[in-house]
Amino acid sequence: QVQLVESGGGLVQAGGSQRLSCATSGRPFSFYAMGWFRQAPGKEREFVAAISWSAGATAYADSVKGRFTISRDNVKNTIYLQMNNLTPEDTAVYYCAAKAVWSSILVLTTIDEYEHWGQGTQVTVSS
């Protein structure tokens, strides 16, 4: 079992930046494909970004492409989501997710593919 704890959320003005972290514990972090999802009030949870366990492959939702960057540090057992040029539409609870995989370059982009979830961290972007 792997435990995921998100941090770094908060209130930020439109146009600003925020960096989220997701610290993991439990089984070896290196073999987990990881992802970020978000859920805005009244909306379904949606994919934001994903990264393979080798960090050799990434994927992004069209709505964040060019503004958000996902990365990971396999020594610190942590993934990050750097969010730039934030807009009020980015307001949501952000969740990290993990799935043990064999492939070093596999990225997972759907909710059903992930096995482990964090509790989420709130990001609020004011206009």
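Analyst: The bridge partner of Trp36 in strand β5 is Ala49. This is a predicted model, in which local features need pLDDT of at least 70 and side-chain atom pairs count only at pLDDT 80 or more, while totals for chains, interfaces and linings use all residues. Residues are numbered from 1 along each chain as its sequence is written, and side-chain values use heavy atoms, without hydrogens or water.

The pairing of Trp36 with Ala49 belongs to a set of five bridges through which strands β4 and β5 (residues 46-51) pair in the antiparallel sense. Strands are DSSP runs of E with at least two residues, numbered from the N terminus, and two of them pair if DSSP finds at least two bridges between them. Six residues lie between β4 and β5, and the two strands form a hairpin. In its turn, Gly42 has a positive phi of about 75 degrees.

Strand β4 is also joined to strand β9 (residues 92-100), by eight bridges, and these two strands run antiparallel as well.

Cys22 and Cys96 form it, with their sulfur atoms 1.9 Å apart. It links distant parts of the chain, for Cys22 lies in strand β3 and Cys96 in β9, 74 residues apart. The torsion about the S-S bond of Cys22 and Cys96 is about 45 degrees, so the disulfide is right-handed. Both cysteines, Cys22 and Cys96, are buried.

Four strands form an open sheet in the order β1-β3-β8-β7, with antiparallel pairing. The edges are held by β1 (2-7) and β7 (68-73), each with a single partner strand, so one side of each has no neighbour in the sheet. On average, neighbouring strands of this sheet are turned by 15 degrees against each other, direction ignored; the axes are lines fitted to C-alpha atoms. Strand β3 (residues 18-26) is joined to β1 by six antiparallel bridges, and in β3 Ala23 stands opposite Val5.

Definitions and conventions:
Axes fitted to C-alpha atoms, helices over the stretch in contact; angles between N-to-C directions. Disulfide = S-S within 2.5 Å. Buried < 20%, exposed > 50% of the residue type's maximum accessible area, 1.4 Å probe, protein only.
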